[in-house]
Amino acid sequence: MKFTFKKALVTGGAGFIGSHLVDALVDGGCRVNVLDNLASGKLSNLDQVKEYITFYKGDIQDQKILDKAINGCEVIFHEAAVVSVTKTVKQPVESALVNEIGTLNVLDGARRHGVKRVILASSSAVYGDSPELPKHESMTPKPQSPYAVQKLSNEIYADLYSTLYGLGTVCLRYFNVYGPRQDPSSPYSGVISIFLTCANEKTSCRIYGDGKQTRDFIFVKDVVQANLLAANAMALENKVFNTGTSKTTSINHLWQLISDISGTRENPEYCEARSGDILESAANINQISSELNFKPEFSFKNGLALTWKWYRNNN
Ligand code: UD2
């Protein structure tokens, strides 16, 4: 894809999704600044591009370093956040400083520096557990965790900055993102990162509930593509888009697919369902498809096979 911008900042660029975005930007010849405090991101995620980027170690709450990192950038991809829902439940105030005030700092920095567009990472969490499926952008959000409130507040601030200051903003509501570099280390890490680690270590996985719950899993490179399309589409102001595939997979089927790919014969251990776990999640992607021409390129099988290859070679 040919970019309509020459220099971009990726906040959280050493993290799972951010580092894949950095790869794609560098690949397309864009100059890239990365700002990351390395709280959950890892420098090793940027090994392959380190000669081509400018890395700033710092926090999005620190306006001085943010100013340095934004300088000269036309676009900001804002991925930095406390991404663990559980952590935001345990630390609602500390996480709000990063996820709300930090985001406000990014938007304000963008305004002061005349940045053309900010693409913000939002989440399907804003929908809460409403049973209506698939989720579409015009549904009333119903956040059920500090994390979801924080992401929704980001969207509202993005809207406000667009109206008040004419800043171009696009919020992407990510569904269940998976792929290489996703950290499997906490019980609340993405289920695919946990299951692939189990398969690699030949241990059995835990399925919470009956395993019939479904998710809309989207491969990280498709999420990157959505970000790039959002940055490139010039006549587009203040938009919110679901970023999923519209296809769903049950957790039982997921383990079956992983067993097939990896050859593991372990049976899953069924445990009590997680409290607050939603049964089904699926994205309606009509808007992002028609307005950004977005089409997920990776089938679930292909994305899973690529992710398995990475876990096998890197653990
Ligand atoms: C996702 C997001 C979360 C938030 C939420 C909003 C991820 C990683 N998390 O949580 O940030 O946006 O959606 O709804 O994208 N499971 C097992 N065994 C395990 C781990 C998980 O059975 O070892 C089940 C879990 O109970 C759930 C499903 O797998 O039913 C997906 O779990 P998850 O933590 O990957 O993602 P989710 O949808 O709960």
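Trainee: How do the residues of the shell around the ligand divide into nonpolar, polar and charged?

Mentor: The model is a predicted one, in which local features need pLDDT of at least 70 and side-chain atom pairs count only at pLDDT 80 or more, while totals for chains, interfaces and linings use all residues. Residues are numbered from 1 along each chain as its sequence is written, and side-chain values use heavy atoms, with hydrogens and water left out. Ala, Val, Leu, Ile, Met, Phe, Trp, Tyr, Cys and Pro count as nonpolar, Asp, Glu, Lys and Arg as charged, and the others, Gly among them, as polar. On that basis, the shell holds nine nonpolar, five polar and four charged residues.

Trainee: Which elements each supply at least two residues of that shell?

Mentor: A residue is near a molecule if one of its heavy atoms lies within 4 Å of it, and 18 residues surround the ligand, the closest being Val 191, Arg 206, Tyr 208, Arg 215 and Asp 277. Helices (H or I, at least four residues) and strands (E, at least two) are DSSP runs, numbered from the N terminus. The elements that each supply at least two shell residues are α6 (191-201) and β8 (206-208).

Trainee: What percentage of the ligand's own accessible area does the protein cover?

Mentor: Accessible areas come from the Shrake-Rupley method with a 1.4 Å probe. On its own the ligand has 730 Å² of accessible area, and the share that the protein covers is 85%.

Trainee: How many aromatic pairs does the structure hold?

Mentor: Rings of Phe, Tyr and Trp (its six-membered ring) pair if their centres lie within 6.5 Å, and planes under 30 degrees apart count as stacked, over 60 as edge-to-face and the rest as tilted. The number of such pairs in this structure is 11.

Trainee: What kind of pair do Tyr 127 and Phe 175 form?

Mentor: A pair of aromatic rings is described by the distance of the centres and the angle of the planes. For Tyr 127 and Phe 175 the centres are 6.3 Å apart and the planes make 40 degrees, which is a pair counted as tilted.

Trainee: How many residues apart in sequence are the parts that this pair ties together?

Mentor: Both partners are buried (under 20% relative accessible area, with over 50% called exposed and values in between partly exposed, using a 1.4 Å probe and protein chains only): Tyr 127 has 1% and Phe 175 has 5%. Tyr 127 lies in the loop between β5 (117-123) and α5 (146-165) and Phe 175 in the loop between β6 (168-174) and β7 (176-178), so the parts tied together are apart in sequence by 48 residues.

Trainee: Which residue has its charged end over the ring of Tyr 127?

Mentor: A charge sits over a ring if NZ of Lys or CZ of Arg is within 6 Å of the ring centre and within 35 degrees of the ring normal. At 4.9 Å from the centre of the Tyr 127 ring sits the charged end of Arg 173.

Trainee: Where is Arg 181, which has a positive phi of about 80 degrees, placed?

Mentor: Most residues other than glycine have a negative phi. Arg 181 is not a glycine, yet its phi is positive, and at 14% relative accessibility Arg 181 counts as buried. Its place is in the loop between β7 and α6.
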